[in-house]
Amino acid sequence: MKIPTKEEMKTLFRNRKSHSLRYQVKEKNKVAPRGNSSFGGATFLFEERRDFMITKPKGCHDIYGIEAKKWKYIDRLIDEVCTRYGYQPIRTPIFESSELFHRGVGESSDIVTKETYDFIDRGDRKMTLRPEGTAGVVRSYLENKMYGDATQPVKLYYNGTMYRYERPQSGRDRELTQFGVEVLGTDDPMIDAEVISIAVNIYRLVGLKGIKVNINSLGDQESRNQYRKALVEYFTPHIDEMCEDCKVRLEKNPLRILDCKVDCDTEIMKNAPIILDYLNESSKERFEQVKKYLGLLDIDYEVNPKIVRGLDYYDHTVFEVEAMVEGFGSQNVLGAGGRYNHLVETLGGPSTPGMGFAMGLGRLLLALEKEEIKLPIEEGIDAFVMYVSDTEKDYAVTLVQELRMNGFQVETEYTGRSLKAQFKQADRLKSKFLLLLNDEDLKNNEIKIKNNQTKEETLVEIDYVMYYLEEMLEQVEVDDGSCNQEDGCCCHSDEIDDRKI
Ligand SMILES: [Zn+2]
């Protein structure tokens, strides 16, 4: 599956629609009333009502304008990349029964103990707005018995909003968007490397340069039990010097102590035993395999034994992708994930290995901003259709429709502006061509087309308007200056030259 290119759209429509445009003059030279006298009153009313305005909830964002286009661009890139890797899209509910997250994500994780956005619905059911994507996907995998599908493993990806009840003063978002993938039904280390490579390739394709991949292995349960023992032995004599949370963690899940943001810089923490020293032979061998495949995929990484991840369900491979951009602060993890070979069982399913990751798209866009990377977002439209009289307007309505159906991006006048003001509007919309409708020309079956860059004007026979526009646009689009990067982005990297999205 692939998003049709502009070219393909044109042929698509062309095959279905007749190409000829007919012109009928019904009333001669009737001039439309113009001006916008009603605007003053509307503004006044709006000012009056400002006091009653409803604002968005704390920690949420309105995304519009060029920002919204950036999000759309990333969404398309994600669809394209995941499709190439053979991942199928999945959409799960934004809220689920609270129990799913408590059992799935784990009682001892911060996400569940402090941050879930819980509510009781009108039927007295405990519900939670999803704080992450994996639990819902695994629930769906089980409920829909995807483990019985003939095509194993099941490779899925999601892209949607997640919710966390952060304290408002923390400045962190309550609504965030995450993209993630999950692979269920194989324990092959090759998949660990593939999943990491998807994350890395998304960052590469948007042009991000300063990223670092940290990997670690938490081993199998046997290894982790050995390690847990060692951690308890090590931290118990020091626990009074550590934060309150760590005291609880020591009893519930000592691995989580290593994630502590309060005690992270202490000597005690720095000298803590590392998991890699406690891996049994098979876990060690598995980790070597993952590293081998990462090497084959040409992915630079660093083994960082400090990475344990904040969720209960991981084993073996865990990884984080860090932004190495100045001004990003301490919260510099762009995306992270790992293997979860026991989550499906925890949620009541058959023993099924899994591997996945999630990345925050808001953080990705922030990293792009910090690196001053401009996404190749096409701004501007193909043509602006201008008119003055009512008969010209009637013709404009059909012409605009016909052009749009044939794949052109076309705008026209909606507010009765003067011709002069329409020129300005066309400039604001960055229109490449102007179609100046004029009753006299129309009677002669002609339309005046102006190249808005060169200001060159041509009278074109109505039947040839589309051919003419198409040809002229091709010339303009050879270099539209929409991307200022030399390489690394979607339009200039050799590696991804054919990957237009
Ligand atoms: Zn602590």
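Modeller: Two residues are in contact if their C-beta atoms, placed from the backbone, lie within 7 Å. Helices (H or I, at least four residues) and strands (E, at least two) are DSSP runs, numbered from the N terminus. In this chain, Pro189, Met190, Asp192, Ala193 and Ile196 of H7 meet Arg286, Gln289, Val290, Tyr293 and Leu294 of H11. These contact residues comprise seven nonpolar, one polar and two charged; Ala, Val, Leu, Ile, Met, Phe, Trp, Tyr, Cys and Pro count as nonpolar, Asp, Glu, Lys and Arg as charged, and the others, Gly among them, as polar. The model is predicted: local features need pLDDT of at least 70, side-chain atom pairs count only at pLDDT 80 or more, and totals for chains, interfaces and linings use all residues. Residues are numbered from 1 along each chain as its sequence is written.

Biologist: At what angle do the axes of H7 and H11 cross?

Modeller: Two packed helices are described by the angle between their axes and the distance between the axes. Axes are lines fitted to C-alpha atoms, for helices over the stretch in contact, and angles run from 0 to 180 degrees between N-to-C directions. Here the axes of H7 (residues 189-205) and H11 (residues 281-296) cross at roughly 45° and come within 8 Å. The two helices are therefore oblique to each other; angles under 35 degrees count as roughly parallel, over 145 as roughly antiparallel, 65 to 115 as roughly perpendicular and the rest as oblique.

Biologist: How many strands form the open sheet, and in what order?

Modeller: Strands of a sheet pair through backbone hydrogen bonds, either parallel or antiparallel. Two strands count as paired if DSSP finds at least two bridges between them. In this case five strands in the order S13-S12-S14-S15-S16 make an open sheet with mixed pairing. Its edge strands, S13 (410-412) and S16 (457-461), each pair on one side only. From one strand to the next, the twist averages 30°. S15 (residues 446-451) runs antiparallel to S16, and five bridges join them; Lys448 has Leu459 in S16 as its bridge partner. Helix H14 (residues 390-405) packs on the sheet, where it touches S12 (381-386) and S13, and its direction makes about 165° with that of S13.

Biologist: Is Val308 buried or exposed?

Modeller: A residue is buried if 20 or more other C-beta atoms lie within 10 Å of its own, exposed if 12 or fewer, and partly exposed in between, with C-beta atoms placed from the backbone. Val308 counts as buried because it has 20 C-beta neighbours inside 10 Å. Val308 lies in the loop between S8 (302-303) and S9 (315-323). Leaving aside neighbours within four places in sequence, its contacts are Leu218, Leu255, Leu258, Asp259 and Val318. Leu218 is 90 residues away along the chain, yet its C-alpha atom is 7.1 Å from that of Val308. Over the 501 residues of the chain, 34% count as buried.
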